[in-house]
Amino acid sequence: MRIARFASGDEVGFGLVETDSDSGEEFVARLSGHPLLGDIKLTGERAKLSDVRLLSPVLPTKVVCIGKNYADHVAEMKDITGESTEEPVVFLKPSTAVTGPHDPIFHPETSERVDYEGELAIVIARPCREVPRERVKDVIFGYTVANDVTARDLQKRDKQWTRAKGFDSFCPMGPWITTGLSIEEAQDLALTTTVDGETRQDGRTSQFIHDIPGVIAHITSFMTLLPGDVVLTGTPAGVGPVRVGQEVAVTVERLGTIRNRVVSRD
Ligand code: MG
């Protein structure tokens, strides 16, 4: 299933994204209830996908991020973050950084260099802590696409990453949550990032240093994850800057594309 959160007129709700078998056109079938509470029903209402505004598919209490999870990216980042470590590097983005799959990324005036980081994102299904590797599949609701936007100069200057990673709009997410993928399938997806149509990142989730069960087991060894919380799994090589006016698109195979223009606040 592909579960989107969307706005249409004055209403915000969840819907299943489906393709009409006759016309090939995509539409959203409105759901009642909340998908993470498991009480969803189709209302019978539907709208063309192109007629609704897609929102971030979840509102997480926190976004937990893994750094340095692709060997080729670790190599390119050595000067900023040091060598890779045995345990996954974990940091947070505030919930207020989350924005929709087609919303603008606001370029802060305090940064000279804002970078994209295309990432596979995991959406958590239920409250969980101390999850052993073999039970990780039970706590995953689905997968989506995210951009871990980073003010690279501030990351370097501040030594820790809260400001660099935490600006409003620095976590575009979507276009919807895809359910039904096994962990094995999620760990073998192509991930590409383009800037104004030019390819900048071209990786595969099979290149993870720390796999999905390892990442979730590690995070929940010290932090409770709640339904709708999102885990970003790290970015492949090819990170680089985006300027005001440019459009950055992240695509993960089978999950879709998010596309965000970088704008100034004024
Ligand atoms: Mg990242």
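The protein exposes about 11800 Å², and carbon and sulfur atoms supply 48% of that area. Accessible areas come from the Shrake-Rupley method with a 1.4 Å probe; for residues, only the protein chains shown count as cover. This is a predicted model, in which local features need pLDDT of at least 70 and side-chain atom pairs count only at pLDDT 80 or more, while totals for chains, interfaces and linings use all residues. Residues are numbered from 1 along each chain as its sequence is written, and side-chain values use heavy atoms, leaving out hydrogens and water.

Now the overall build. The protein has five helices and 20 strands. These are DSSP runs, numbered from the N terminus: H or I of at least four residues for helices, E of at least two for strands. The radius of gyration is 18 Å, close to the 18 Å from the globule rule for 266 residues, so the protein is as compact as a globular protein of that length. That radius is taken over C-alpha atoms; the rule is 2.2 Å times the number of residues to the power 0.38. The C-alpha trace spans about 55 × 45 × 30 Å along its principal axes.

Next, the inside. Of the 266 residues, 55% count as buried, meaning under 20% relative accessible area. Among contacts (heavy atoms within 4.5 Å) with a separation of 6 or more, 71% join residues 24 or more positions apart.

Take one residue. His73 lies in helix H1, residues 71-81. His73 is buried, with a relative accessible area of 4%. Beyond its neighbours within four places in sequence, His73 contacts Lys68, Thr235, Pro236, Ala237 and Val239.

How values were computed:
Buried means under 20% relative accessible area, exposed over 50%, partly exposed in between (1.4 Å probe, protein chains only).
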